[in-house]
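Please have the sequence and the 3D view ready.

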Amino acid sequence: MGDKSNSQKVFVNESAGVYYLKSDLLLHHPFDVINRLSFKPRADAGEILYNMYRGLDLGEIYNENIKYNRYVQSFDMQVAMKMQTDEFLFAAAQLKEESFSDVVIPLPNPTPIDVRVSEAIARRRSERTYSDGVIRLETLSNLLYYSYGVTGYLDIVLRDGTRLRKPLLASPTAGGLQSIELFFAARKVEGLKTAIYRYNPYKHALEVINDAPDIWDKVISAFPGHPYIIDMQKANLVFLLVAFLYRVKLKYGERGYKLALLDAGHLAQNILVVSAALGIKAVPVAGYYEDEIDALLNVDGVNVTCLHTVVGGV
């Protein structure tokens, strides 16, 4: 990247509230090609974007465009204040009622894990070989609960006096919007058939998403590291951390994609540390064919997409 120390704001049409950040790299924020009063694109927005973006690294473009500055922070605060309405708070509290399947499998109640946090962290290693053994359903129940289960509640009082209880999950999420849902493919788990499941943290239950006869083979075929780097044929679990981007982008705009990535990282680390505490070998894997996994989940890959995975087994 070039030196941006000489960057300065250039007002193109101050009366219309339009300006952009002139630098040696690119526009600083997507709104910089939008009339800030009418929120309509500038007539020359396409030409500006083409000239500024051509030949540049997409990662750099995104990173620059979602950085906080004083204007973006002010705008975000305005959006955040508007979202503290009774309607939004009520909708956020009702996420627990969303279901993805009619086939629901209750899980055993979670039990305390008798391992110190320091010990679990010290145990954690990226393990890529597995024994082809069986995982007990009680073990899976604990793994899901302590990674992403409901561990508390927030009491919300609306202006009309209505009281709501918003469930709080074990893994943090930007704005409390639950940008990530936890899906996983399972094989050789006691009491479960081989299938893709969604963990419903509010009911502490599983929802069957895809139980096609060859589902495990289809999942592992989407990982080019198998079998050369990871022996997934003997693994028991492939966690699929699926981003519901529209939830977080509603509040944070394009910056929401970055926050969803962070949320996926928080959840992945929970899975890894809890796995270590339970004696399950696990490794995070970013090398997979996203479109193929999204197709198995029956999601569009744009508004909803798998951002990260963790493979585990005994």
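Here is a short tour of ring pairs and of charges over rings.

This is a predicted model, in which local features need pLDDT of at least 70 and side-chain atom pairs count only at pLDDT 80 or more, while totals for chains, interfaces and linings use all residues. Residues are numbered from 1 along each chain as its sequence is written, and side-chain values use heavy atoms, with hydrogens and water left out.

Searching the whole structure gives 7 aromatic pairs. Rings of Phe, Tyr and Trp (its six-membered ring) pair if their centres lie within 6.5 Å; planes under 30 degrees apart are stacked, over 60 edge-to-face, and the rest tilted.

Take Phe100 and Phe244: their planes meet at 70° with the centres 5.5 Å apart, so this pair is edge-to-face. Phe100 sits in the loop between helix H4 (86-93) and strand S3 (104-106) and Phe244 in strand S9 (residues 237-244), so the pair ties together parts 144 residues apart in sequence. Helices (H or I, at least four residues) and strands (E, at least two) are DSSP runs, numbered from the N terminus.

Phe184 and Tyr197 also pair, and they are stacked, with 5.6 Å from centre to centre and 25° between the planes. Ring pairs also link Phe100, Phe183, Phe244 and Tyr246 into a cluster.

Charges can sit over rings too: NZ of Lys or CZ of Arg must be within 6 Å of the ring centre and within 35 degrees of the ring normal.

| Charged residue | Ring | Distance from ring centre |
|---|---|---|
| Arg165 | Tyr153 | 4.3 Å |
| Arg247 | Phe244 | 4.4 Å |
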